[in-house]
Amino acid sequence: MEILATIWFVLIVVLWMGYLFLDGFDLGVGMMMPFISRSERSKRVLLNSIGPVWEGNEVWLITAAGAMFAAFPHWYASLFSALYIPLTICLLALIFRAVAIEYRGKGHSERWKSFWTWALAVGSAGTAFCIGALLALTTIGLPLNGHGDMVGGPFAWMSWPALVGGLGGLGFSLAHGLIYLGLKTQGEVRARSRHWAGRIMLPAAIPFLIWFAYSITQRTWLVIPVLIAVAALIVAFFAVRAGAEKRAFILHGIFLIAGLVAVFAGAFPNVLPSTIDPANSLTIDAASSSDYTLNVMLIVTIVILPIIIAYQIFSYRMFLGRIAETHIPEAHRLPVAIHS
């Protein structure tokens, strides 16, 4: 087994962990826009809580997909061609979400604001569901033939792993977003976020727990990271109830990371298992690029990744304070300058 391919498999898993941990909370905030905020000013509190960081968080998604394409082109080709429909939905959801964040404040009518509020919520939910389904399918498997192509038609991916992963992505992002709002805001928004985080946190984790537990059927020792995930989730729940949002946010992230360690370790050395015949499964050796490509990418990553991480740490520290409704100015129209 090639050591470089293994290193890149681990790096790609880390990138997906980073994306779900960071972008997960702003997807959750987007989903809650029509529900948790009663007034226009409180909705703007939610938007301002993710405004400085959401675009930087999406860098992890682009990097993870790009790394899959460059390091494991056969993995990328098999997975993405099999999932054209859900990935197209995911792309549209990402577009709606980004446009909604930018456009919502450009109009002043209630209809305009309501439309973009719901566009943000639906786009965030669609993204969370599709990413969760994609990751569950790549660890549990698709009906692949000996050429790495999916058989059974364009909807053969619709299976229990896709449903469990999709609902897990929704549930995790929703709970993560509520915990983040409790950590980032003050006043009524914080109180309501803490209240709902305590109510939905454990039920929302059930789909991911099913996915994580499946890994134990592949390797029994993976019960260790799964138990770590369960313990982190329980302690995070009590931290939310105690009002310790920072501790809860970190522990909820540990729940995710420990669980993803279990599912990807359970799939290893397969990057895309076949549910038809294990012999058809795509392994890291068969899917990887040449050693030269992996070496060059590794050198570039060693240089660039610390810069990206340092910039994100800097940006989070710059916007570390809590946001309250009193920090949000009244909405106002700007005069249009007409030059003859």
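Predicted model: local features only at pLDDT ≥ 70, side-chain atom pairs only at ≥ 80, totals over all residues.
I started with Glu245 and Arg190, whose side chains meet in a salt bridge at 3.0 Å, N to O. My cut-off for a salt bridge: a side-chain nitrogen of Lys or Arg within 4 Å of a carboxyl oxygen of Asp or Glu. Glu245 sits in helix 11 (residues 245-267) and Arg190 in helix 8 (residues 187-204), so this pair ties together parts 55 residues apart in sequence. Helices here are DSSP runs (H or I, at least four residues), numbered from the N terminus.

Residues are numbered from 1 along each chain as its sequence is written, and side-chain values use heavy atoms, with hydrogens and water left out.

Next I checked burial. Glu245 is buried at 5% relative accessible area, whereas Arg190 comes out partly exposed at 23%. The cut-offs I used: buried is under 20% relative accessible area, exposed is over 50%, and partly exposed falls in between (1.4 Å probe, protein chains only).

Then I looked up Arg97. It forms a salt bridge with Asp26, closest N and O atoms 2.2 Å apart. Arg97 is in helix 5 (residues 84-103) and Asp26 in helix 1 (residues 3-36), so the pair ties together parts 71 residues apart in sequence. Both Arg97 and Asp26 are buried.

Arg97 also meets Glu58 in a salt bridge, 2.3 Å from N to O. That pair links helix 3 (residues 54-71), which holds Glu58, to helix 5, across 39 residues. Glu58 is buried, like Arg97.

Last entry: I get 7 salt bridges by this rule.

Terms used
Helix = DSSP H or I, 4+ residues; strand = E, 2+ residues; numbered from the N terminus.
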